[in-house]
Amino acid sequence: KAKATGKKKSQPSNGKIRVVKHAIYSISEWEGGPSGFGNSEAKTFLQSIRKFHDCSKVLEDAADESAFFANLNEGHVNQLQDLLRESMTRTLQEHENLKAQIQAEECEGEEQQKAKEARLTEEKKKDPTLGFFGSAVKVKSTKNLLEELKLVHEMVGVLDDPAKFRLGGGMLPRSPVWARKVAWSPKDDAMVVVGVFKHGFGSWDKMMVDESLGIAEKIDNSAEPGTKQTPESHLYYRATVLLRRLREVTSGTRPGSGSGAAGSRKRARPSGSSQQVRVRVKPEPKATVSEIMLEMKPTLLKIKKLQQDKEKMDKKKMLEMMKEFLASVGNHIESVAKAKGFTSEREEKLWNYAAKKSNLHKDGSKMKAIFKRLSGV
């Protein structure tokens, strides 16, 4: 059973379940499970399962948030994990069926055909939603995170001393923009993964004060004063990139890595004496535009939303916010281009990506011109 703590617990939902809009598939019954598991309890469980793979850690974390889990055991957590996995699989199947139905529709005329193709394209982009006891679950992203946390558990959890965990070869993504500034090393990347294993994905505050990881000072110094960047945001994006690379390399789905037997990667196992994880792979391909701009995605979405709300906002305030967001994006692109020695064509691709994601302009060069004008360059 989970340990009781002095932390204030969330109120029980008494089994209440709300309807999840746009859910392709929904589950609301836990056969053989205790009564009273509703929306609030599902939300707590999902929060914990997105932090840890180990059942005991999931249970302890959930019990800290909700009294409902205090009387459960690891067997109950296993049941919920299986139920979630089965429901996500069913959701993906239903999504495939929906796309097949659209594909099979007969069209009369070119306009109907274009409309059908547009619907199919839009549906393929979606991350289908599962209604899990009234809580919305984005299936693809959740499934990926659960696979990543399982890998972290398998790689770090088997070591006698997690501090000796290391990553090698293609397991290491490109260094962050701020790496040189703080002398960030492959060992620091390994300690980020160890921190996720110990404290859970998303527990950045706990990782920041864990002296055994040895990354707090570097992460703290990585953020530029007077910007929207924070040590926590840097830690989040680095952990996200590292875990995604673990999954892609281990499964052989890394872009450019090939497919089948030739492109597969064997799962890393710690060597007996060194307690290190080394993976030998081909030299990693050049970082994609999406990877380079990962840190800026929230800012680009803010620019997009700012344009949508412009009719409701004070013009002066909107201009100030736009200037601030554009400065963050522009400075990021320029610092990357300078540090990596990008050609003007490569830098232009970053601006085109930013323009597309922010919906500020179709042409990246025009977005760059706006940035230069607002920054007085």
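User: Which residues of helix 1 (residues 39-49) are buried?
Analyst: This is a predicted model, in which local features need pLDDT of at least 70 and side-chain atom pairs count only at pLDDT 80 or more, while totals for chains, interfaces and linings use all residues. Residues are numbered from 1 along each chain as its sequence is written, and side-chain values use heavy atoms, with hydrogens and water left out. Buried means under 20% relative accessible area, exposed over 50% and partly exposed in between, with a 1.4 Å probe and protein chains only. In helix 1 the buried residues are Glu41, Ala42, Thr44, Phe45, Leu46, Ser48 and Ile49.

User: Which elements do the buried residues of helix 1 pack against?
Analyst: Packing is judged by contact, meaning heavy atoms within 4.5 Å. Elements are DSSP runs numbered from the N terminus: helices are H or I with at least four residues, strands are E with at least two. The buried residues of helix 1 pack against helix 2 (55-65), helix 3 (74-104), strand 2 (129-132), strand 3 (135-138) and helix 5.

User: How many helices and strands are in the chain?
Analyst: Of the 377 residues in the chain, 43% are buried. Among contacts with a separation of 6 or more, 69% join residues 24 or more positions apart. The chain contains 16 helices and three strands.

User: What end-to-end C-alpha distance does helix 3 have?
Analyst: The expected span of a helix is 1.5 Å times one less than its number of residues. Helix 3 has 31 residues, which should therefore span 45 Å. The model agrees, as the end C-alpha atoms of helix 3 are apart by 45 Å.

User: Which elements do the buried residues of helix 3 pack against?
Analyst: The buried residues of helix 3 include His76, Leu80, Leu84, Met88, Thr91 and His95. An α-helix has 3.6 residues a turn, so residues three or four places apart point the same way. The buried residues of helix 3 pack against strand 1 (23-27), helix 1, helix 2, helix 4 (110-125), strand 2 and helix 5.

User: Which residues does valine 329 touch, not counting residues up to four places away in sequence?
Analyst: Valine 329 lies in helix 14, and its relative accessible area of 0% makes it buried. The cover over the buried residues of helix 14 includes helix 12 (289-292), helix 13 (297-308), helix 15 (344-358) and helix 16 (364-374). Beyond four places in sequence, valine 329 touches Met293, Met296, Thr299, Leu300, Ile303, Ala354 and Met367.

User: At what distance from the ring centre of phenylalanine 197 does lysine 57 lie?
Analyst: A charge sits over a ring if NZ of Lys or CZ of Arg is within 6 Å of the ring centre and within 35 degrees of the ring normal. Arginine 346 lies over the face of phenylalanine 342, at 4.4 Å. Lysine 57 lies over the face of phenylalanine 197, and the distance to the ring centre is 3.7 Å.

User: Is phenylalanine 133 buried or exposed?
Analyst: Most residues other than glycine have a negative phi. Phenylalanine 133, in the loop between strand 2 and strand 3, has a positive phi of about 55°. Alanine 183 also has a positive phi, about 60°, and at 52% relative accessible area it is exposed. With a relative accessible area of 1%, phenylalanine 133 is buried.

User: How many disulfides does the rule give?
Analyst: A disulfide is a pair of cysteine sulfur atoms within 2.5 Å. Cysteine 55 is buried at 12% relative accessible area, whereas cysteine 107 is partly exposed at 28%. The count of disulfides is zero.
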